[in-house]
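This report describes a single protein model, moving from its overall fold to selected contacts.

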Amino acid sequence: GSYRAIMTCWKQSKLFWTGHKTDLIELIYALHSCGAINSGTADIKEMAAACEQIFNIDLGNYYHTFIEIRSRKANNTKFIDKLKESLIKRFRELDE
């Protein structure tokens with residue numbers, strides 16, 4: 001649709017996702033779940049496609065990966081937890 005046309009006209013991003021693909025998928029689903037994009041009306045498919053473009057990555061079957069993330073025994077928000085810890089660490093370092 002028109003969304004794809006807009007994305008292909010968009011300048012090639014120089015950003016590359018260098019973390020695990022699973023981490024980006026976890027982040028996309030977290031953003032979708034909390035309604036942070038388009039007041040919660042954004043489609044997960046649209047969000048995944050935008051992230052693929054921005055970060056030059058093919059997310060493949062992201063729904064299947066989401067099911068795997070959801071079924072993790074130990075910690076199913078591993079990347080989100082890491083983000084929080086990293087930001088708190090940065091705050092502490094700035095306070096020193």
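## Basis and fold

The model is predicted, so local features need pLDDT of at least 70 and side-chain atom pairs count only at pLDDT 80 or more, while totals for chains, interfaces and linings use all residues. Residues are numbered from 1 along each chain as its sequence is written, and side-chain values use heavy atoms, with hydrogens and water left out.

The protein has 5 helices and 0 strands, where helices (H or I, at least four residues) and strands (E, at least two) are DSSP runs numbered from the N terminus. Of its 96 residues, 23% are buried (buried is under 20% relative accessible area, exposed over 50%, partly exposed in between, with a 1.4 Å probe and protein chains only).

## Salt bridges

The whole structure holds 2 salt bridges, each a side-chain nitrogen of Lys or Arg within 4 Å of a carboxyl oxygen of Asp or Glu. In one, Arg72 pairs with Glu26, their closest N and O atoms being 3.1 Å apart; because Arg72 lies in the loop between helix H4 (62–70) and H5 and Glu26 in helix H2, the pair ties together parts 46 residues apart in sequence. Glu26 counts as buried, at 6% relative accessibility.

Glu93 and Lys89 also form a salt bridge (3.5 Å, N to O), and being 4 residues apart in helix H5 they are separated by about one helical turn. Glu93 is partly exposed at 44% relative accessibility, whereas Lys89 is exposed, at 51%.

## Helix pair and surface patch

Helix H2 (residues 21–33) and helix H3 (residues 44–55) pack at about 135°, with axes 10 Å apart (axes are lines fitted to C-alpha atoms, for helices over the stretch in contact, and angles run from 0 to 180 degrees between N-to-C directions). That makes H2 oblique to H3 (under 35 degrees is roughly parallel, over 145 roughly antiparallel, 65 to 115 roughly perpendicular and the rest oblique).

Leu87, found in helix H5 (residues 78–95), is partly exposed at 43% relative accessibility. Leu87, Ile88 and Phe91 make a nonpolar surface patch of about 260 Å²; patches are made of residues with over 30% relative accessible area and no salt bridge, like charges being joined within 9 Å and nonpolar side chains (Val, Leu, Ile, Met, Phe, Trp, Tyr) within 5 Å.

Conventions
Accessible areas come from the Shrake-Rupley method with a 1.4 Å probe; for residues, only the protein chains shown count as cover.
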